[in-house]
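Visitor: I am new to protein structures and would like to learn how to read one. Could you walk me through what is on the screen?

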Amino acid sequence: MFIDGANLYAAARSLGFDIDYKRLRDGFASEGRLVRAFYYTALVEDQEYSPIRPLVDWLDYNGYTMVTKPTKEFTDASGRRKIKGNMDIELAIDVMEMAERVDHILLFSGDGDFRRLVEAVQRKGVRVSVISTVRSQPPMVADELRRQADNFIELQDLAPSIARVHHHREPMGSPGAPGAPDMSGQGGPYANF
C-alpha cells in the first residue's frame, strides 16, 4: 500500500469526506496479506506547529511506514513565495524496491507521473490497483494512469468503509463530555479534530 498523502487528501476532500486511516489499513489488510503501508508527505520544518504533525505521529505509531522530507521554499517568477514538497521520487523508489517481494501494489494517487512506474512494475509481474476518483470536478486521477492500472478503484465507492465517522461531542464540562480531545483517530489537515 503506497499512499501519496497530499493527493489522497485532495481526492477525499473533493468528495466531501475525511479518511479514517485505521479503517483504511484494516479494510485492505482483511482482503489479503498486507506487507507494508507506506504514507508519503512533505513537512514544513520551521513552523512552531504543523497541522499535519498529529496525523504523521498517529500513522507512525499505528502500522504505517512514514516517508517524509522537509518542504523547500522558493520564489516564483512573479515574486510570490511558494512551498514545494514533491514525494514522487521517494514513492517510486520504494515501489520498485518492494516489487520483488509483492504480487499486488495498491497506489493511492491519481498523479499521471506514476504511469511509467506502474508500467515498470507490471513488467515484473506485479498487479497494480490505483485508488483515486473520477467523480470530482475536475477528476483527480490522470486518464493515462487509470488506463495503465490493472484495476481502478473509485475512492467514492470506498467511502462507506473508510470515511471517518464524526461523533457529536458534548461541550466540555457537561455530563458525559470527554476530559480530553479524542486523539485515537487521525488529525492534522486530513481530518477535522
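Guide: Gladly! Let us begin with a definition: helices (H or I, at least four residues) and strands (E, at least two) are DSSP runs, numbered from the N terminus. This is a predicted model, where local features need pLDDT of at least 70 and side-chain atom pairs count only at pLDDT 80 or more, while totals for chains, interfaces and linings use all residues. Residues are numbered from 1 along each chain as its sequence is written, and side-chain values use heavy atoms, leaving out hydrogens and water.

Visitor: Which helix holds Ile93?

Guide: Ile93 sits in helix α4, residues 88–98.

Visitor: How many helices and strands does the protein have?

Guide: There are seven helices and eight strands.

Visitor: How do I read a sheet?

Guide: Strands of a sheet pair through backbone hydrogen bonds, either parallel or antiparallel. Here two strands count as paired if DSSP finds at least two bridges between them. In this model, six strands make an open sheet with parallel pairing, in the order β3-β2-β1-β6-β7-β8. At the edges stand β3 (65–70) and β8 (151–154), each with a single partner strand, so one side of each has no neighbour in the sheet. From one strand to the next, the twist averages 20°. Phe2 has Leu107 in β6 as its bridge partner.

Visitor: What does helix α3 lie across?

Guide: Helix α3 (residues 53–61) lies across β2 (38–43) and β3, running at about 150° to β2. Such angles run from 0 to 180 degrees between N-to-C directions, with axes fitted to C-alpha atoms, for helices over the stretch in contact; contact means heavy atoms within 4.5 Å. The buried residues of α3 are Pro54, Leu55, Val56, Trp58 and Leu59, and their cover includes α2 (21–29), β2 and β3. Just after α3, Gly63 takes a positive phi of about 90°.

Visitor: How do I read a salt bridge?

Guide: Side chains of opposite charge can pair when their charged atoms come close. The cut-off is a side-chain nitrogen of Lys or Arg within 4 Å of a carboxyl oxygen of Asp or Glu. The structure holds 13 of them. One joins Lys22 and Asp26, at 2.8 Å from N to O. Both lie in helix α2, four residues apart, about one turn of the helix.

Visitor: Which residues form salt bridges with Glu119?

Guide: Among them are Arg115, with the closest N and O atoms 3.5 Å apart, and Arg123, at 3.9 Å. Salt bridges that share partners join Arg115, Arg116, Glu119 and Arg123 into one network.

How values were computed. Buried < 20%, exposed > 50% of the residue type's maximum accessible area, 1.4 Å probe, protein only.
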